[in-house]
Amino acid sequence: VSEAPGLRRTADADWWDELAVAALLGTDRRPLGEVSFLPGELGAAAGRLTGDPASVLLDAAALAVGYRRGGTMPGTTSPDPNAEPGAEPGAYPDLTPVGRAPAEELPRAGRAAAARLGELLQGGDLELLLYWCATAARLHRPAPPECLPGLLDLAVKQPLLRPAVGAVLGERGRWLARQVPSWAKVVPDAQPRIDLDPQIWRLGTPTQRAGWLRALRRSDPAAAVAALAETWTQESGPHRAGFLPLLADHLGPADEALLETALDDRRQDVRRIAADLLAALPSSAYADRMRSRTKSFVHPERVRLRTRLVVDVPDRLDPAAARDGITDVRPSTRMTADSRRQWWLEQVVAGTPLGAWEQLFETPQQALATHFDEPWQPAIQAGWAWAAVRQQNQDWAQALLGARARHRVEELLALLDGEALAAAVSGRIARLGPTDVQLLTRYLDVCPVPWPPEVAADVLAWLRSRIRELHPRSAQPLLNQMSYRFPIEAGPAVGAAADDLPLDDLWRIALRTVARLISVRTRIHEELQ
Amino acid sequence: MAAQWEVERVLALAPDPAQAAAGRALATPANWSDLGLRASPAALWGRCQGSGRTPYRTVVDLTGPAYTCSCPSRKFPCKHALALMLLWASGQLPAQHPRPPEFAADWLAQRDAKASGAAVTGPAQSTRPVRGEGPANLDAAAKRVAQRRERVTAGLEELDQWLCDQIRTGLSGFDRAGYAQIEAIAARMVDAQAPGVAGRLRRLPAVLASGEGRHGRLLEQFALLRLLVRAHRRLAELPPTLAAAVRTHVGYPTSRSEVLALPPVRDTWAVLGLRDSIEDRLSTRRVWLRGADTGRTALVLSYLPAGQQFDDSLPPGTAVDSDLHFYPGGIRALVGVRHADPGLLPRLTAVDVGQALAEYTEALTADPWTVSRPVLLGAVAPVRHRGRWVLREDDGRTLPLARSVGDPWRLVAVSGGEPVTVAGEWAADGFTPLSVLRRQELVAL
């Protein structure tokens, strides 16, 4: 239907090659002879050349060069298949790009922002590039089209950047990513829309099936678990272990039956996943079983008109407990008889709905203030922290952090937001000494970016008060965090803190660097607005 | 009066940074007396008190710009001329002076006469140097030109012999012995004062190393060299533009002042493409322009030792209302007087695929050694069809991209599958996109 995009006239290669071969062999060995093989007017003009054979060959070639260069004709392609709306890749395997990009609804980043992004893509600071993307995404500014190939290439090389890049692609970027398989792979929503055809679940490859299940889980969670339940007994072990975690998305009571079945699975990893998911379902039979275990382990006893809590963990557990995922050995630890019982208690508390404690305590704070006999106190505290994380319970998380919890601090912080988070982080910062700088960076890692102003102020105050005991080099990770996560409004405060120090102070230089990076971020922000 | 220049523009004229600094230091009215300016043609003058007893007399003709100064400096413009222009640029010159003082009047009168002379007599006779050389010098110059012509002719005959010898014995032997031979004949061309030919020869090793099909490409280059030899033999009979092209490719020098003396073409010149390359430790910047009214294409070349930074006097994506002086017989030009600072791109007329190819053929007719030609191609979409990237018009006609371009993803991204206006260079082996127009905005690729 269509012709290759031709550069030259038909069969042009042949006659030029003939000239080239003659030059390659040399006219002494093979004289050129007739030039009648040259086409049309070129042949006629060459025919009039006279002189020794070598110069005739050169002159004929000179004419041919002009003829070839000057006689280039446009190529052709058949009527535009791209004019067809909604054309998808694959429909025309020999054509790229396919289709036209959908219109961009949002206003794109302007010139200054585009120039800045171009610079960052030329091998600039990756953290600043991340900041550019995050800010553009927040302000709903898709990246300028000319930067998209650079962004997509970077996303291929740097998995960490993929979500940030994905957020600024816009319609044009998703369209572009669809044209190149390696780009489409790193931009999930650039892939052709996942077809919810049930055939895929029955006949697709494992990756296709996982994609199908994930997509269906988002639109119709009950249908997804039903589909998995239907094929459950025919799935291979690795597939069961691969598909079951997908139920974590939109987990609900409808999933309980399949998860109960999975508790009896042959594979340990499948059993563990099932127990983990059931522990997040407070209304399940699993939760009831855990609640009654907790009741048998921890019960109030009346002694002289006062009620105290007695912990009583048996020496052996029944097989039902093992079925519910209670293990004997804490991963990568050596266990003694005592530590095994503590580990049982921790797991049972962690699997029990936190609401169960309301019968004993009015508030989480009261629970946390309660004293239990040694050695049970740490086990119960660790179990509560674990349960709060599993059940995503903000009240308990806040209470645990307020009570100086030592377990799962980062995970608990991640449950909080806004003022609660700021208060929790600030409360922790105040108690950290100069040697705890690593711990501080870990806490700050879960803070939303940019940090809430109170957190930023506390971090700066903490740093200023520890400056004499701390070398800038050992605080480098913290300084990096400050450079890229500090709220830009707090930039001047960092600059002022630097200016308070003597000129030759290493800290002055370090804080100046932080302030400079914050001011670059300020400019990025302004350019994007 | 010409619009007042920016300080940066004056400093860009300085031959080196030290001179610029010296000029700045002198740019206070306290150092000067008899300062003045004339509106049209624009000129500045003044006396600057130096270390000697008599002040230096400095005059600047802004239309060139051209300078004269009684100081002994061999730098050009000297620090006094720079300082004078800086005073003007920063608005520190007194209001207009009715008449230039004597020291300035003479020189300016000479300049004015020359300028009107050039305009009347046209390019053919205006090749004499701008700065005064007496009749005796002219004789000597004519003698030098004749000598050079003889040397070049002898050298090119030798080259012709060499070219034919290679074809006689066959290019197959060239793979082994070629490099040493090329260097020897290239050195001979330098001696024969044909540096353009020497440059062409020195690019042959790259052709030899270009793999599959290299003998065909080698033959192309040999044929073009032979064509140059034959054209040079008949230089006197050739039409003026073709003769100018031959002279350029052989490497006869054309001085800047000669070109600047040719009548200017004033237009709003859109800066559409910029390409830097490094060759032989020399950075070359090719900036190409398109006139909004004349539709003419121009190429402004600048050279610097590798590693130095080019100035950004012609920023892509802007348009400059200025005079261009074209080298005879080509699109290469020098920037003359700028009438305004760079502004927004004007509306430009683009060509379609057929017109682009016709323009290229026309350019080849005027200069058969033309390799590439700037093109502003309207309404094309980049498409990969059967393994080759092309620019495609809605009617289905296509122009292939050069293979050296690779995958033009940036262009694809800006186009989004829709036809766009693309600025680039067309050569026989394909199109190289340099930038794309998005409404009135230019996006560099």
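1. Conventions. The model is predicted, so that local features need pLDDT of at least 70 and side-chain atom pairs count only at pLDDT 80 or more, while totals for chains, interfaces and linings use all residues. Residues are numbered from 1 along each chain as its sequence is written, chains are lettered from A and ligands numbered from 1 in the order in which they are written, and side-chain values use heavy atoms, with hydrogens and water left out.

2. The two chains. In chain B, 55 residues are in contact with 56 residues of chain A, where contact means heavy atoms within 4.5 Å. The two chains bury about 4800 Å² between them, with 59% of it on carbon and sulfur atoms; buried area is the accessible area (1.4 Å probe) that two parts lose on being put together, summed over both. Of the area that chain B buries against chain A, 13% comes from Arg168(B), His385(B) and Trp409(B), which is more than any other three residues supply.

3. H27 and H28 of chain A. Helix H27 (residues 491-499) and helix H28 (residues 506-528) of chain A pack at an angle of about 160°, with their axes 8 Å apart. Helices (H or I, at least four residues) and strands (E, at least two) are DSSP runs, numbered from the N terminus, and axes are lines fitted to C-alpha atoms, for helices over the stretch in contact, with angles running from 0 to 180 degrees between N-to-C directions. The angle therefore makes H27(A) roughly antiparallel to H28(A), given that angles under 35 degrees count as roughly parallel, over 145 as roughly antiparallel, 65 to 115 as roughly perpendicular and the rest as oblique. By class, this contact of H27(A) with H28(A) has seven nonpolar, two polar and three charged residues; Ala, Val, Leu, Ile, Met, Phe, Trp, Tyr, Cys and Pro count as nonpolar, Asp, Glu, Lys and Arg as charged, and the others, Gly among them, as polar.

4. H26 and H28 of chain A. Helix H26 (residues 476-485) of chain A also packs with H28(A), here at an angle of about 25° and with the axes 8 Å apart, and H26(A) and H28(A) are therefore roughly parallel to each other. The contact includes Leu479(A) and Met482(A) of H26(A) and, among the residues of H28(A), Leu511(A), Val514(A) and Ile518(A). By class, the contact of H26(A) with H28(A) has nine nonpolar, one polar and two charged residues.

5. H20 and H21 of chain A. Helix H20 (residues 376-390) and helix H21 (residues 394-402) of chain A pack at an angle of about 140°, with their axes 9 Å apart, which means that H20(A) is oblique to H21(A). Gln381(A), Trp384(A), Ala385(A) and Ala388(A) in H20(A) meet Trp396(A), Ala397(A) and Leu400(A) in H21(A).

6. A covered helix in chain B. Helix H3 (residues 79-89) of chain B is mostly covered, with ten of its eleven residues buried; buried means under 20% relative accessible area, exposed over 50%, and partly exposed in between (1.4 Å probe, protein chains only). The buried residues of H3(B) pack against elements of chain B that include helix H1 (7-12), helix H2 (17-26) and strand E1 (32-38). After H3(B) comes Gly91(B), whose phi is positive, near 70°.

7. One residue in a strand. Thr432(B) lies in strand E14 (residues 430-438) of chain B, and Thr432(B) counts as buried because its relative accessibility is 16%. Leaving aside residues up to four places away in sequence, Thr432(B) touches Arg275(B), Ala402(B), Val405(B), Gly424(B) and Glu425(B).
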